[in-house]
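Dear colleague,

Please find below the structure that I am handing over to you. My notes on what was found in it follow directly after.

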Amino acid sequence: MTQHHMRQAASTITAEQAGALLMISQQRVRQLVRDGYIPRTARDAYPLVGVVQGYLRFLRDDERRSAKSASATNLNDARRQEIER
């Protein structure tokens, strides 16, 4: 095994390890891979940094969607109250 391959293998983790690290299931890890948040380097091999950064990106996107949804709900409530007056 070359030095490059050894470094790459050392910096990759399995779906099981990624799930334990992030406190989510292996299935959720694989779903985040399918959704494009977490990169995969080989079968059941994910770059450690990519796993962490991908999960953070997913959480930020989820927070943004939640905030947008809450804002839309508040706007609809305000419109409904205005109409009722």
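Helix H3 is followed by Gly36, which has a positive phi, near 90 degrees. Helices here are DSSP runs of H or I with at least four residues, strands are runs of E with at least two, and both are numbered from the N terminus. Please note that this is a predicted model, in which local features need pLDDT of at least 70 and side-chain atom pairs count only at pLDDT 80 or more, while totals for chains, interfaces and linings use all residues. Residues are numbered from 1 along each chain as its sequence is written, and side-chain values use heavy atoms, with hydrogens and water left out.

Within H3 itself, Val29, Leu32 and Val33 are buried. Viewed down the axis of H3, these buried residues fall within an arc of 105 degrees, so they line one face of the helix. The arc is taken from the directions that run from the helix axis to the C-beta atoms. On the face turned away from the buried side, H3 carries the exposed residues Gln27 and Arg34. In these notes, buried means under 20% relative accessible area, exposed means over 50%, and partly exposed lies in between (1.4 Å probe, protein chains only).

Met23 lies in the loop between H2 and H3 (26-34), and has a positive phi of about 60 degrees although it is not a glycine. Met23 counts as exposed because its relative accessibility is 76%. Asp44 is found in the loop between H3 and strand E2 (46-47); its phi is likewise positive, near 55 degrees, in a residue other than glycine. With a relative accessible area of 32%, Asp44 is partly exposed.

What does Thr12 touch, not counting residues up to four places away in sequence? Its contacts (heavy atoms within 4.5 Å) are Thr41, Ala45, Tyr46, Pro47 and Leu48. Thr12 belongs to strand E1 (residues 12-13) and is buried, with a relative accessible area of 18%.

On the surface, Leu21, Leu48, Val52, Leu56 and Leu59 form a nonpolar patch with about 370 Å² of accessible area together. Such patches are made of residues with over 30% relative accessible area and no salt bridge; like charges are joined within 9 Å, and nonpolar side chains (Val, Leu, Ile, Met, Phe, Trp, Tyr) within 5 Å. A salt bridge is a side-chain nitrogen of Lys or Arg within 4 Å of a carboxyl oxygen of Asp or Glu. Accessible areas come from the Shrake-Rupley method with a 1.4 Å probe, and for residues only the protein chains shown count as cover. Helix H4 (residues 48-84) contributes the largest share of the patch, four residues. Leu59 is found in H4 and, at 31% relative accessibility, counts as partly exposed.

Finally, for the chain as a whole, the secondary structure comes to four helices and two strands, in the pattern α-β-α-α-β-α along the sequence. Of its 85 residues, 24% count as buried.

With kind regards
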